[in-house]
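Q: I'm new to this one. Can you walk me through the structure?

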Amino acid sequence: MTTTTGLKLRYMEWSGANDTGPGRYVERTPEQFITVYPINRAEHKNSSLAIKMGSMEFVPGPGKRKIKVMPQIWGAEADYDGEKISVAQAAKMLKDAGVAGMIVESFSSSPEKPRWKVFSPTSKALDSAIRDELVDKLNTVFKGELAGESWAPTQMMFVSGRGECIWVDGDPVDTASVPRMSRRDVQIKTGNKHLSFAVNDFDLPGGVEVPDSAPISSDTIIERAMVGHEVHDGVLALT
């Protein structure tokens with residue numbers, strides 16, 4: 001694993017869910033982020049900081065609406081609502097994978113039902129078209145448990161300023177040696193161990209093929225996707 005000395009969190013910041021202004025560009029070291037994190041404590045996401053690791057802006061849309069566009073990114077953020085993996089466990093998973101990232105507790109998190117967000121920086125500014133691939137990597141790190149909205153390209157993440165905030169040193173997510181696992185291809189319902197999938201030419205490691213609509217355990221899907229196999233868009237769909 002290469003050193004990440006000098007790696008920073010770069011993002012746009014808004015003051016709440018209703019802020020549709022131009023946003024503020026912020027660049028902080030992990031230490032600085034952790035220091036200011038509790039200062040921005042909020043009781044509800046409408047009054048909390050909204051963060052996006054990309055140059056997102058609001059532009060005029062149809063009628064009075066404004067639409068969000070994002071030409072480039074400086075990292076990938078993702079959301080976990082599975083209520084099983086704690087912040088500390090998530091930090092260990094990042095460390096074991098060698099991926100750098102900041103993990104912060106979500107508003108609705110509790111010791112019994114943990115929820116959190118992860119912000120993983122890239123080595124440089126990248127075209128936003130690559131973002132899905134980076135979230136796929138994070139999904140592999142967290143064994144396919146990321147929330148579906150993590151892939152929404154302009155989804156902002158609201159930071160509570162409460163609870164745990166942990167930085168994990170490692171490689172930038174774009175250069176980290178982690179295979180991809182797309183949530184759109186491997187959709188796993190919480191608590192459901194056996195799902196039926198419709199498979200189209202899904203070539204698994206070792207030449208194993210899954211019959212159409214074959215019951216297969218979610219653990220098996222994760223295991224196969226983790227073995228250096230890239231699951232391609234549109235290959236696997238939940239029936």
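Q: Is Trp 74 buried or exposed?
A: Trp 74 is buried, with a relative accessible area of 6%. Bear in mind that this is a predicted model.

Q: And Tyr 25, what's its relative accessible area?
A: For Tyr 25 the value is 42%. That makes Tyr 25 partly exposed.

Q: What do Tyr 25 and Trp 74 form?
A: They form an aromatic pair of the edge-to-face kind. The rings are 5.2 Å apart, centre to centre, and there are 75 degrees between the planes.

Q: Why does that pair tie parts together?
A: Tyr 25 sits in strand E2, while Trp 74 belongs to strand E6. The two parts are 49 residues apart in sequence, so the pair links them.

Q: How many aromatic pairs are there?
A: The count comes to 5.

Q: What about the rings of Tyr 80 and Trp 116?
A: Their centres are 4.6 Å apart and their planes are at 20 degrees. Planes under 30 degrees apart count as stacked, so this pair is stacked.

Q: Which strands do those two lie in?
A: Tyr 80 is in strand E6 and Trp 116 is in strand E8. The pair therefore ties together parts that are 36 residues apart in sequence.

Q: Are Tyr 80 and Trp 116 buried or exposed?
A: Tyr 80 is buried, and Trp 116 is too.

Q: Which residues form an aromatic cluster?
A: Tyr 11, Phe 33 and Tyr 37 form one.

Q: New topic: the core. Which residues touch the most other members of the largest nonpolar core?
A: Leu 94, Trp 116, Leu 138 and Phe 142 do. That core has 35 residues.

Q: Which helices and strands supply at least two residues each?
A: The helices are H2 (87-97) and H3 (131-141). The strands are E1 (9-14), E6 (72-80) and E8 (116-127).

Q: On to strand E7. How many of its residues are buried?
A: In E7 (residues 101-105), 5 of 5 are buried. Both faces are covered. One side has Gly 101, Ile 103 and Glu 105, and the other has Met 102 and Val 104.

Q: How many bridges join E7 to E10?
A: E7 and E10 (residues 165-168) are joined by 4 bridges and run antiparallel. Gly 101 has Val 168 as its bridge partner there.

Q: And how do E7 and E8 pair, parallel or antiparallel?
A: Antiparallel, over 4 bridges. In that pairing, Glu 105 is the bridge partner of Trp 116 in E8.

Q: Last one: what's the strand order in the open sheet of 4 strands?
A: The order is E2-E1-E3-E9, and the pairing is antiparallel. The edge strands are E2 (24-28) and E9 (157-159), each pairing on one side only. From one strand to the next, the twist averages 40 degrees.

Q: How many bridges join E3 to E9?
A: There are 3 bridges between E3 (residues 49-52) and E9. Ala 50 stands opposite Phe 158 in E9.

Notes:
Residues are numbered from 1 along each chain as its sequence is written. This is a predicted model: local features need pLDDT of at least 70, side-chain atom pairs count only at pLDDT 80 or more; totals for chains, interfaces and linings use all residues. Side-chain values use heavy atoms; hydrogens and water are left out. A nonpolar core is a set of buried Ala, Val, Leu, Ile, Met, Phe, Trp, Tyr and Cys residues joined through side-chain atoms within 4.5 Å. Buried means under 20% relative accessible area, exposed over 50%, partly exposed in between (1.4 Å probe, protein chains only). Two strands pair if DSSP finds at least two bridges between them. Axes are lines fitted to C-alpha atoms, for helices over the stretch in contact, and angles run from 0 to 180 degrees between N-to-C directions. Rings of Phe, Tyr and Trp (its six-membered ring) pair if their centres lie within 6.5 Å; planes under 30 degrees apart count as stacked, over 60 as edge-to-face and the rest as tilted.
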